[in-house]
Amino acid sequence: MRKQGFMELRLFEKIIDELRPFLFNINLYFQGEPMLHPDFFRFASIARGLRLTVSTNGHFLTDENIEKLVASGIRKIIISLDGLDQETYSAYRKGGDVNRVIDGIRKLSIAVKKRKTVLAPEIQCLVNRVNEHQIPEIKRFASETGMKLSLKSMQIITSEGFDKWLPSEGKYSRYFSNGNGHRLKSRMKSRCLRLWMNPVITYDGNVIPCCFDKDAMHVLGNLNELSFREIWKGEKNYQFRKKFLSDREGIAICRNCTSGLKGVIV
């Protein structure tokens, strides 16, 4: 597991200064809760004018933060809601408070409707065996609050996880049983736009190939030492892409990737 921390503003400023002309969208999150950062809204201010997306667990949708969000210039906020009662929700969201999240969603919905804002809120549900029975209710709740609903299949990385989390309904699962366990429902074609369009920068400046490298196992370079261009055009990135194009299944993070996956929500 990689180290945890907060990105420094000076590093983010460096990233934006170099990359602003080439950016289509910035996701202000990666395997963590972005609104925990004490300077979260300063990041949005530095990148103002760019298309910004935030994903949150919903526990920081206070009255004050909601007012800041609708005025921030952020285009999209994804709020995770993985159940509508405490037992179902906390099966995956350990220590979470579903009522706090639901209350925040309702308040955000009201604020978005009242204010002229570019912010588009979206509810996201990570569908699993524990919560799949609540999908109809979650759809009704999303409709009630006027928010788009995104149903997302769960990535499972351990054999024990399949027994616990794999949905019973096939359209919600990324995997099928092959007799020796489970395998991704993908032809594993060696092509992936993520490696050319969606790099990830961790809080400490490491550039990694994509969001499936959750533990930063494939560091291509560090922005505290090099420019993004040097890393992007560098030998490590070249070799990683070369490996992918010839042997996708030989790269662990690529074996569990949804690129090329069809017939299932991703």
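Why are Phe228 and Trp232 separated by about one helical turn? They are 4 residues apart in helix H9 (residues 228-232), so about one turn lies between them. Helices (H or I, at least four residues) and strands (E, at least two) are DSSP runs, numbered from the N terminus.

This is a predicted model, where local features need pLDDT of at least 70, side-chain atom pairs count only at pLDDT 80 or more, and totals for chains, interfaces and linings use all residues. Residues are numbered from 1 along each chain as its sequence is written, and side-chain values use heavy atoms, with hydrogens and water left out.

Stay on Phe228 and Trp232. Their ring centres are 5.4 Å apart and their planes at 25 degrees, so the pair is stacked. (Rings of Phe, Tyr and Trp, the last by its six-membered ring, pair if their centres lie within 6.5 Å; planes under 30 degrees apart count as stacked, over 60 as edge-to-face and the rest as tilted.)

Next, select strand E2 (residues 52-56). 5 of its 5 residues are buried. (Buried means under 20% relative accessible area, exposed over 50%, partly exposed in between, with a 1.4 Å probe and protein chains only.) Leu52, Val54 and Thr56 lie on one side, Thr53 and Ser55 on the other.

Now show strand E3 (residues 76-80). E3 runs parallel to E2, joined by 4 bridges. (Strands pair if DSSP finds at least two bridges between them.) Ser55 has Ile78 as its bridge partner in E3.
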